[in-house]
Amino acid sequence: MKDKIFRFLLFLAAVLILLLTAGIVYALVSRSTEAFGEYGIWSFIVNPEWDPRPATEEYGAMSFILGTLYTAFFALFLCIPFSFSVALFNGEYFKGMKISSAVRSVVDLLAGIPSIVYGLWGFYTIRPLIIDLGINAQGFGIFLSSVVLAIMIIPYASSLSTEFLSMVPNNLKEGAYSLGATRIEVIRHISIPSSLPGIVASYILALGRALGETMAVTMLIGNTDRIPQGLRDTGNTMASVIANQFGEADGFKLSSLIAIGLLLFVITAIINMIAKLIMKRVSRL
Amino acid sequence: MKRSGIASIKARKGKDRLVYWFVCLFSFLAMIPLFVILYNVISKGYKNFNLNLFTKGTPSSMDALMAKMNGEPIPGGILNGITGSLLIVGMAILFSVPIGLSVGVYLSENRKHKFARIISFLADLLQGMPSIVIGIIAYAWVVKPLGGYSALAGSIALTIMMLPMIIRSTEETLKMLPQSYKEAGLALGSSYTNVVFKILIPSGFGGIFTGILLAISRVLGETAPLMLTALGASVVNWNIMEPSSAIPLLIWDFYNDPNLVEMVWSSSLLLLIVIFLLNGIAKIVARKWKV
Amino acid sequence: MEGITNQNGMEPVLRFIDVSVSYTPGVYAVKNVSTAIYPNTITAVMGPSGCGKSTLLRAINRMHDLYANIKTTGQIILKGKDVLKTDPMEVRRMAGMVFQQPNPFPTMSIYDNVLAGYKLNGIKLNKEEKDEIVEDSLRNVALWNEVKDAMNKRGSFLSGGQQQRLCIARALALKPEVLLMDEPTSALDPISTNRIEELLLELRKQYSMLIVTHNMSQAARISDNSMFMYLGELVEHNNTKQMFTKPRNRRTEEYLTGVFG
């Protein structure tokens, strides 16, 4: 009897997760309907106008969708040489050695730093560098955000890739060495091809992180509600526009912000699912 | 053709070395931000890192300005943020640990079950959800219906963030335990409930506890969802139905107030110390109670 | 240590002079081994687990260089060159290796697996050269007829025995001076084992081979000479027939009669 109740409680907890997710989707969808109903889902998505002035009030998500994609992809691009080096360092060159666990600890700590502290650091330390480099006058913008985002996602991209690289069977590598290959040739022709799906999945997950990152970007991107004209320009991401304008919003604006939240949720969910699917296939092989 | 390969051995080795040094250099460069951030936070934060920080609430902008003009230290601390973080995160722990553990046990016990697979998928979905979106959810669920910002709303947001992390770590840890543990317990005539509480969870304690600690340290620094839910308060608040501050929220406030901006560093320093401490404990626990 | 004298007046293809290998300083997995291997012979290396037979084999193509703490001393002369003083990449191309577990590269086709040595070494070949090497190597291991219509399939789709023959073909494609085999049939079924053994006897016309084996009857079936190692030392190296009928050393006899193993 006691066992039955206990098992039922466990089941109930699982059902709660189902309800939670359903509730999340319901909350987002129901509170987006006002905006979607007014503008139409598709027109809302592709409209780059974001004009809260009462007389000409009009809201669209395109500026922020593009701002999000620019920052996230540029951050991903910037992070690759570093995160991939760390992955090779830990998963190949110094696999299992003391120095590698030291590097891992440092990377773990980087992952633990809160977004807002990254934002402060970006504002006070990196922004002056961006100004000195002449990238833009104020320092704020896509470029600054992407640099800081790139550092923030290094731990995510590298730690998973490390795992996949270190799973490459030793006998494959020895087979390649026995044919006279150098280390980099083994890495290029054996280790990377065998772990490629996993590595790609790690970078997709890192991209998902970058897409949803809020505080640091809010503090660094410049917060302008239009399509950024290139990497030096200021802009807003989907997450940063919500963080910035949610507090004082109501009516259509509030509903439009929640609709942007829904879109962000859908985009990150798709990205994460792709990565998980790839990883599931890898682990089955 | 073989000759040409041998002739290029030097070039190939050169390339091999070059990549090796590239990897070392870029790995090293990837480490630098941590030390620069730590240096910045410590060197700018230690001045205001004093007893006041823990015993006094946020000063008003005016008081801070006066103190600054008189060349005195800023008269105040972040007590309201510390208590707020304790309240909000504490409640989130209270909500998320029992549910997360139960779901984790459920998933590890019903691996092949279709329903369990769906739940597992949903946990992944929740884990990847941006924190700002979670803020919106808690706003829609709690702030709107209750008619105002509250510590409760903040803790609901953090609960949604912690749940998938606790579920995953519990599930993974329990899956690693040998099946024979459970069978041995049941064979001794123990009830299923007892097997879970007296054998499975204690055996996997290291992994489960580590997961909880990491989840706590992750949400301690969360700012965005709290902006939409707990809002912030300039005084100490223990009422869960009232708006409340938290350390990261105060950092955000200070950042936006030129008179208080110096306090971002001491607050960040405290936040980092707590987070790294939790990470360190998690690492030690993981090593000590390895499955 | 008993040496082996040459049968047909040929120079040895491989000579060990006082070879020792240590994993930790002062602890030797292989101790002062000196002997010679002659062309077109199959030499079986036997001994109980942990006697150093694989370690000795892997010293020849410098596989120990891959692990920081392993030290090899002495001289290993392969075709007149001291292996330990030659570039390991060059050595490894002169000595083909076949591993216990068949390890075709899973990301490459059968065709590319045979050519892996060229690809890995960055040697550019034109299409005709490639086709020729692939066909020759696969014919050499009697795999050509079985896979010639499946060249673009992945090597991992083959059966265990076929995979191992593919790995032998991969090693032979680089035209090595000597073929080193580390228990190449221990992961295979008896029928596949039999086919590999036939193949090795065939290959003996062109190559010299060292084969580490646990299986005494395998040694008896295919090897010309046998080395018996015990606790890192080379106890006896002799003509296989002689060693199996009249071992010179008591420990060899004990091992062969199953007193230990």
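How many residues does helix 8 of chain B have, and what does helix 8 reach from its first C-alpha to its last? Helix 8 of chain B, residues 151-176, has 26 residues, and the end-to-end reach is 37 Å, close to the 38 Å expected at 1.5 Å a residue. Before I go on: this is a predicted model, and the values I quote are computed from it.

Staying with that helix, there is a bend of about 30° at B:M162. As for burial, 23 of the 26 residues of helix 8 are buried, so helix 8 of chain B is largely enclosed by the rest of the structure.

Helix 11, residues 205-220, has 16 residues. Helix 11 of chain B reaches 22 Å from first C-alpha to last, close to the 22 Å expected at 1.5 Å a residue. Helix 11 is also mostly covered, with 13 of its 16 residues buried.

Now chain A. Chain A has 11 helices and two strands. The C-alpha trace of chain A spans about 75 × 70 × 30 Å along its principal axes. Of the 285 residues of chain A, 54% count as buried. If we take contacts in chain A between residues at least 6 apart in sequence, 73% of them join residues at least 24 apart.

Next, the interface of chain A with chain B. Here 61 residues of chain A are in contact with 61 residues of chain B. On the chain A side, the elements that give two or more residues include helix 1 (2-39), helix 3 (62-93), helix 6 (142-166), helix 8 (183-212) and helix 11 (251-284). Which helix of chain A gives the largest share of that side? Helix 1 of chain A does, with 17 residues. By class, the side of chain A that touches chain B has 41 nonpolar, 13 polar and seven charged residues.

That leaves chain C. Chain C has 11 helices and 10 strands. The radius of gyration of chain C is 18 Å, close to the 18 Å that the globule rule gives for 261 residues, so chain C is as compact as a globular protein of that length. The C-alpha trace of chain C spans about 55 × 40 × 35 Å along its principal axes. Of the 261 residues of chain C, 48% count as buried. Among contacts in chain C between residues at least 6 apart in sequence, 68% join residues at least 24 apart.

Is strand 3 of chain C mostly covered or mostly uncovered? Strand 3, residues 42-46, is mostly covered, and five of its five residues are buried. The burial applies to both faces: C:I42, C:A44 and C:M46 lie on one side, and C:T43 and C:V45 on the other.

Strand 3 of chain C pairs with strand 8 (residues 208-212) in the parallel sense, over four bridges. In that pairing, C:T43 stands opposite C:L210 of strand 8. Strand 3 of chain C is also joined to strand 9 (residues 225-230) by four bridges, and these two run parallel. There, C:A44 has C:S226 of strand 9 as its bridge partner.

Note on methods. Residues numbered from 1 in each chain as written. Chains lettered and ligands numbered in written order. Predicted model: local features only at pLDDT ≥ 70, side-chain atom pairs only at ≥ 80, totals over all residues. Rg over C-alpha atoms; globule rule 2.2 N^0.38 Å. Buried ≥ 20, exposed ≤ 12 C-beta atoms within 10 Å, placed from the backbone. Contact = placed C-beta atoms within 7 Å. Expected span 1.5 Å × (residues − 1). Bend = angle between axes of the 7 residues up to and from the residue. Nonpolar A, V, L, I, M, F, W, Y, C, P; charged D, E, K, R; others polar. Pairing = 2+ DSSP bridges.
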